[in-house]
Amino acid sequence: MSDANDRKLALNPAESFIVQAPAGSGKTELLTQRLLKLLACVEKAPEEIIAVTFTRKAASQMRNRIVAALQFALKETIPPTKVHERTTWELAKDVLKRDKLLQWDLLLHPNRLRIVTIDSLCAHIVSRMPILSHLGGMPEIAEFPQAYYRQAVERLLTQTTFQEKWSYSLSKLLGHQDNRIQLIAELLVNLLKKRDQWLPYLGRLSHQHMAIQEYLSEALIKIIESHLSLLKKQFSQQTQVELVKLIRHAAQICSRLDVDNSIIECADLEYLPGVNADSLPLWIVIAEFLTTQQNTWRKAFNQKNGFLSPSEAKDKNEKALRKEQKEAISALISTLEENEHLLSLLAEVKVLPWYEIDAEQLDILIALGELLPVLVAHLQVIFQETGKVDFIEINLRAIEALGEELSPSDIALNLDYQLRHLLIDEYQDTSVTQYRLFEKLVMGWQKGDGRTLFLVGDPMQSIYKFRGAEVSLFIHTQQHGIGAIALTPLTLQVNFRSSDNIISWLNHTFIDIFPALDDKSLGGVCYSQAIASKSSVKENAVHFHPVIDGKMQAKKVVELVMSHLSIQPKQSIAILVRAKKHLAEVIQHLRPLKIPFVAYEVEHLVNRSHVIDLVSLLKAVTNWSDIIAWYGILRAPWLGLTLADLLALAKYNQTGILWETINSFEDVKALSEDGRFRLNRFVSIMRHWLNQRSRSDLHQFLRGLWISLGGPHCYAEPQIIEDIDKILELIKSFTIGGTTLNISDFEQRLSELYADVTPHNEFSSETGALGAVELMTIHKAKGLEFDAVIMPYLEKRPLSHELALLLWYEHSHADRMDLILAPRRKHQSEHDALYRYVENQLRKKSHYESARLLYVGTTRAKSTLHLVGQCEIGNDNTIKPPASSTFLGMLWPHLALDVLHENLNKEPSKELTLVSTFSEQSMLRRLPADYRLPESIQQRIDTHIQKGAIKEPNTPEDTDILFRSAGTVFHRLLQRWVIDEVAEIDDTCILALKRMGLGGYELDKAVALVKTGLTNMLDDPKGQWILDPNHQHRQSEWHVSLKTIHGLENHVIDYSFVDETDTRWIVDYKLTHTSLDDEALQKEIDKYQAQLQKYRRTLKVMENRVIRCGLYFPVAKIWWEMA
């Protein structure tokens, strides 16, 4: 084995290493062996070793590997014959001896192996040092932190007053983007998602204009001069002379004919410009002269760029001269084309920015430097209020808790004492923040002190830039180590996964796709050649299948799947794509076939019919005016009204509140008998559950209503209950106080949820285990392997960059890294050289990662790789080269054009007949009209209906929903202070109550309650005192939270204010009683006193002032204060 010595060296427990382990090289086994070797050597306990991974799955797999190795060594006395297995067995034997000697009992207590994720390590550090981490204990991890980001941005935008010192910066930023607040808010939210990436640079923005300008100008000058120096070296002396002569000729012609061309600036050029930054404008003119706007070599030279047509010459001599000039420029272009690097250098010089930053950009940088710390502070306050944080905050606080090198914290010293060996897996995916954490963990370590660092990863597989991964850190660590720890670099070469013909193709292809040299600035890594350990079993292992019609691509993929399974039914097959959406058509074609498959997290959960119906039900019961939601639940399979019946209800409805019409459906003459029968059952269920609405949390209420309507029996999908549980849990997490749903945040998060797709399993017994064919993104496939890999849709472009308020880019020089910051271009500004340059650099960085993503996809294949892509045919019947940013564009130079033309005419097999994706099994089932609920549920509803029947027709029972709706409207009116003329609130009040589903008697009574409450409150001295506008810090419907040992308590306080004595008052309105005797009042006090005490306890944590509470009954004009 060519890298056997490196593998053996990596097990030296006294040395630190960084191992580059390409795909299929046995990285995980090497890491396992290193961990076993260290366990056999540690002095006291296995806890002296920490192995860090990036995912829980990886941590679990590594722990299982260690345990399995120990169990195998305990059981087997004869060593395995394979060298790598024997090495693991011998190391495990040594660990068992150490385990017995020191009484570790690892097989009984495998959790003593400290194999953790980065997030769990950070959480451990924070929990050990709550004061230094500034979190006051271990907070709960917010599963959906986006809602907190939006809340922080909202507070920044709404709570900034003119008195705040950063108000000018905010107004400057708003003006920069033409006061498009919604856009600004979205851009700020995007920044908070990545704050760990820009927070280290925030200090650079805190300086004054002059300091920032000097820093950026100096950095840009170095970039410009470095680039120009490299560019000029590409021209030989002879080429320079010829180029200058032709440029001068073109400039003189353009000047004489008054042609609008910047080449005129070179009319007096005697030599190529120098390489100082001031020469940049001339180099840009030269680049534009030699290349087109599309950054290709200019082939056509005419009068517009200084070369006159020979055919228009006046005489033979002039014609010959013009022809000579044209031939000279064509010959020069042909010579320049031979330099493969020159074209890209000329293209880049056209986007280099001028080194002097304009005042507008400086103002915005300064503004962001002032605003972003305030924004982060708002987010941290929200974290404290809710008792929840995101993973970024945990990581940042862990770094803070460890202290600095000259003043390490107690936990850093404690870890330093305990930790002897640190192993880090997948190091190529390390972010800047995580790198800082690792630096802190090894600060104080010295060479030869017995402590070691072992890093393993593959920079060619770094594909998580969107999570902040910086592959340049791997290159930097190879060269410089971490902290004071120098690392010996090792590179594995042998590939144990793929056959030799696949390895040969990979080596031949990716040596050109990857950059020739490492580029630390842009994260470019050169290709590392692999050596196959397996011989090929067939001649061709890599196949390209071009198609002209994009619709035929999915059909081609299915044909390849069926072909493989017909030969080897048990073969593992994967269909890998760049983006989830690319699998939709393939899934549609696979569904009807007798092929078991599983598609991982590719279908939007919100697009499933049962989820759509549940969300419609949620929207309907929380917003009575959402008429689309109401029509949705009337059409849903638990009711299934015909279109004719829906039209009849729509015509009858006059108010826009459909529930009103449904409640009186007996009056709708145009309804069919079937519709009436179905509505009768539906209305009785709805009335029952709406009456229970205030008695349970929203998610519990919705579950009960959905079950009662027959939801579980309406759909054929096997995963329905699992999906519904996910949605209800999501509703619970976005519900405040159990009743109020943050619908916008809920819908945003719901749109981000994906589900696995599996067909009905009646075919699995015929073709083997379910999941013989696996569909997933390339990111999901990382770390996996398959017998055959199919990669379709190679022509698809990558996603464009998301909107950014601030771009940043670190440019690496020989002696330092320069940070280039670029604020978003001004609204409607076409030219912003600095922003365009940084954006261009980041685009190149993404292109490098796309190449690595293609490498990851292709290296999943063990024996066969199929590449499928759509080719475009031009007007001349030739194949157009694909876009360079696509996988197909990257592979294009390595695809034989004659094979392309030959295969383009081949259509998928005519024998492959794909039936319609519409299937009765997947069709929504309409419940039969006589559907009967389970007896227990039906009995509760029947009892409720019977109770309502004993009342007189004109005096129906007052329901919870009546009082709850009246109270809600009452609170809203108070919140808006619409109380000057009670008579004028009729329309507002009636409309609001109708939107809550009230009608008839209930509507009249609710309106009367609201008006009486408002009138009495204005007449009552105590009511006037409560509403006194001179009170400070007034809050209506105030949402507050308190973290207790039992979890997070969320409360909504009706009304609160601070009076002239600086006393905080909490007022709870009760609108349900027209009069109260002593006994009834005491009953109300007993009912709500505990709740008031919770409110007071919560505010005492938030404020340092006297807090008093009271109940106010506006209809009865009674005030009670709690002692």
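Guide: Strand 6 and strand 7 (residues 452-457) pair in the parallel sense, over four bridges. In strand 7, L455 is the bridge partner of I424. Some ground rules: this is a predicted model, where local features need pLDDT of at least 70, side-chain atom pairs count only at pLDDT 80 or more, and totals for chains, interfaces and linings use all residues. Residues are numbered from 1 along each chain as its sequence is written, and side-chain values use heavy atoms, with hydrogens and water left out.

Visitor: What makes strand 6 and strand 7 a pair?

Guide: Two strands pair if DSSP finds at least two bridges between them. Strand 6 and strand 7 have four bridges, so they pair by that rule. The strands themselves are DSSP runs (E, at least two residues), as helices are (H or I, at least four), numbered from the N terminus.

Visitor: Which strand is joined to strand 6 by four bridges and runs parallel to it, besides strand 7?

Guide: Strand 2 (residues 49-53). There, A51 stands opposite L423 of strand 6.

Visitor: Which way do the residues of strand 6 point, and are they buried or exposed?

Guide: H421 and L423 point one way, L422 and I424 the other, and all are buried. Buried means under 20% relative accessible area, exposed over 50%, partly exposed in between (1.4 Å probe, protein chains only). In a regular strand the side chains alternate between the two faces of the sheet.

Visitor: Why is Q553 called buried?

Guide: Its relative accessible area is 0%. The cut-off is under 20%, so Q553 counts as buried. Q553 sits in helix 21 (residues 552-567).

Visitor: What does the side chain of Q553 make a polar contact with?

Guide: The side chain of E795, at 3.3 Å. A polar contact is a pair of N or O atoms within 3.5 Å; within protein, one must be able to donate a hydrogen and the other to accept it, and residues adjacent in sequence count only if both atoms are side-chain atoms. The 3.3 Å pair of Q553 and E795 meets the distance limit. Not counting residues up to four places away in sequence, Q553 also touches others, including V547, P792 and V868. Contact means heavy atoms within 4.5 Å.

Visitor: How do you know that V1106 is exposed?

Guide: Its relative accessible area is 52%. Exposed means over 50%, so V1106 qualifies. V1106 is in the loop between helix 41 (1078-1102) and strand 25 (1107-1113). Leaving aside neighbours within four places in sequence, V1106 is in contact with D1062, T1063 and R1064. V1106 and R1064 are 42 residues apart in sequence, and 6.1 Å apart in space, C-alpha to C-alpha.

Visitor: What is the phi of Q103 and of D258?

Guide: Phi of Q103 is near 55 degrees, a positive value in a residue other than glycine. D258 has a positive phi of about 55 degrees although it is not a glycine. Most residues other than glycine have a negative phi. Q103 is in the loop between helix 4 (83-102) and strand 3 (114-117). D258 lies in the loop between helix 11 (237-256) and helix 12 (280-290).

Visitor: Why do Q103 and D258 count as exposed?

Guide: Q103 has 65% relative accessibility. D258 has a relative accessible area of 68%. The limit is over 50%, so both count as exposed.

Visitor: In what order do the seven strands of the open sheet come?

Guide: The order is 11-21-18-12-17-13-16, with mixed pairing. Strand 11 (542-547) and strand 16 (754-757) are the edge strands, as each pairs on one side only. The twist averages 20 degrees from one strand to the next.

Visitor: How many bridges join strand 13 to strand 16?

Guide: Three bridges join strand 13 (residues 597-604) to strand 16, and the two run antiparallel. H604 stands opposite Y754 in strand 16.

Visitor: How confident is the predictor in the protein chain?

Guide: The mean pLDDT is 84, and 87% of the residues reach 70 or more. pLDDT is the predictor's confidence in each residue, from 0 to 100. Over residues 944-958 pLDDT stays under 50. Over residues 978-983 the pLDDT is below 50. Where pLDDT is low, the predicted coordinates should not be read in detail.

Notes. Axes are lines fitted to C-alpha atoms, for helices over the stretch in contact, and angles run from 0 to 180 degrees between N-to-C directions.
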